[in-house]
Amino acid sequence: MVSSGINAEYMGTVLLACLAEMVRTVLLAAALVLSPGTHGLRLAQFFQDGMVLQREPQSTTVYGFEELIPGTEAVLTCSLRGRDLPPQIGIPVKTGFKAEGDWMVELPPQEAGTICDIEIVGGEEELSLSQVIFGDVWVCSGQSNMVFNMNGIFNSSEEIAAAAAYPDIRFTIIERVTSDVEEDDVGTTIPWSDPVNGNRNLKSFSAVCFFYAMNVYDQLGVPMGLIDSAWGGTRVEAWSSQDALDACEIEDNVMPNNPQNSNSYLWNSMIHPLRKMTVKGFLWYQGEANANW
């Protein structure tokens, strides 16, 4: 009987301990759900320190996810050719897009070469981008001829070393992913870099895209932002929206074992997320995968 009483007391203690642990776990889970750091205001993933935004005369935008509270504004602290400029304010605007919770802030047009730190402040939440430079933004896409990187060209070591003379040409590589629905965000496999501090990253970047930028920079002297969103061996249908394919009466085509060549799968995942960006233009290298047309 004594032994039985000890067991009952022990079991009761264990039960209370288990209940306490369950309550602690539930409270911790609730804290994570409510935590601003976990589910709070955030930028689209390709908005990063040191990136390039489109220069004047266009205004440009930064955008992200979760609702902005009333009164949110973006504060720009900028300099141009070593001279500090007065603080400027960016205003939230309606996105005009379907995704619930999306937000967008329109920034005042900036002269080429302007460098800014941007803070988006709403209540207790704050987002920031540092050392953003304004210039011309180009999206470089298509298949393998665009993917072909700087490390594979003739005299690659010498050319990559020479690229260090172009610190105002900055670049990023979009993650190669597919989707059967239009996405609103996409990551980067190479963050925004420049050929001085990101010399190793340049080895993986599109040679066609970077040489184009150097040639243009030699003529205009305007900072360049290069977005490499390309995938070797892909068909143009994969890069086209469903609306465009419908207008051209292209038959549906889904390839489960080769999803990067399914209709619209790369448009959905690697182009559509960029649609709200202000850009100067596009470079597109396409053809071989559609040679049978």
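Q: Why is Trp138 called buried?
A: In this predicted model, Trp138 has a relative accessibility of 14%. Buried means under 20%, so Trp138 counts as buried.

Q: What makes the pairing of Trp138 and Tyr212 edge-to-face?
A: The planes of Trp138 and Tyr212 stand at 70° and the ring centres are 5.2 Å apart. Centres within 6.5 Å make a pair, and planes over 60 degrees apart count as edge-to-face; therefore the pair of Trp138 and Tyr212 is edge-to-face.

Q: Why is Tyr212 described as partly exposed?
A: The relative accessible area of Tyr212 is 26%.

Q: Why is the pair of Phe171 and Phe205 called tilted?
A: The angle between the planes of Phe171 and Phe205 is 45°, at 5.0 Å centre to centre. Stacked requires under 30 degrees and edge-to-face over 60, so the pair of Phe171 and Phe205 is tilted. Phe171 lies in strand S10 (residues 169–174), whereas Phe205 lies in the loop between helix H5 (199–202) and H6. Both Phe171 and Phe205 are buried.

Q: Where do Ser241 and Gln242 lie, and which residues do they contact?
A: Ser241 is in the loop between strand S12 (224–230) and H7, while Gln242 is in helix H7 (residues 242–247). Beyond four places in sequence, Ser241 contacts Ser264 and Trp267, and Gln242 contacts Asp252 and Ser264. The C-alpha atoms of Gln242 and Trp267 are 8.7 Å apart, although 25 residues separate them along the chain.

Q: Which residues of the largest nonpolar core touch the most other members?
A: They are Phe47, Leu53, Leu107 and Ile118, in a core of 43 residues. Strand S9 (125–142) is one of the elements that give two or more residues to this core, and S9 gives the most, seven residues. Apart from this core lies another, of 25 residues, among them Trp138 and Phe171.

Notes
Residues are numbered from 1 along each chain as its sequence is written. This is a predicted model: local features need pLDDT of at least 70, side-chain atom pairs count only at pLDDT 80 or more; totals for chains, interfaces and linings use all residues. Side-chain values use heavy atoms; hydrogens and water are left out. A nonpolar core is a set of buried Ala, Val, Leu, Ile, Met, Phe, Trp, Tyr and Cys residues joined through side-chain atoms within 4.5 Å. Buried means under 20% relative accessible area, exposed over 50%, partly exposed in between (1.4 Å probe, protein chains only). Helices (H or I, at least four residues) and strands (E, at least two) are DSSP runs, numbered from the N terminus. Contact means heavy atoms within 4.5 Å. Rings of Phe, Tyr and Trp (its six-membered ring) pair if their centres lie within 6.5 Å; planes under 30 degrees apart count as stacked, over 60 as edge-to-face and the rest as tilted.
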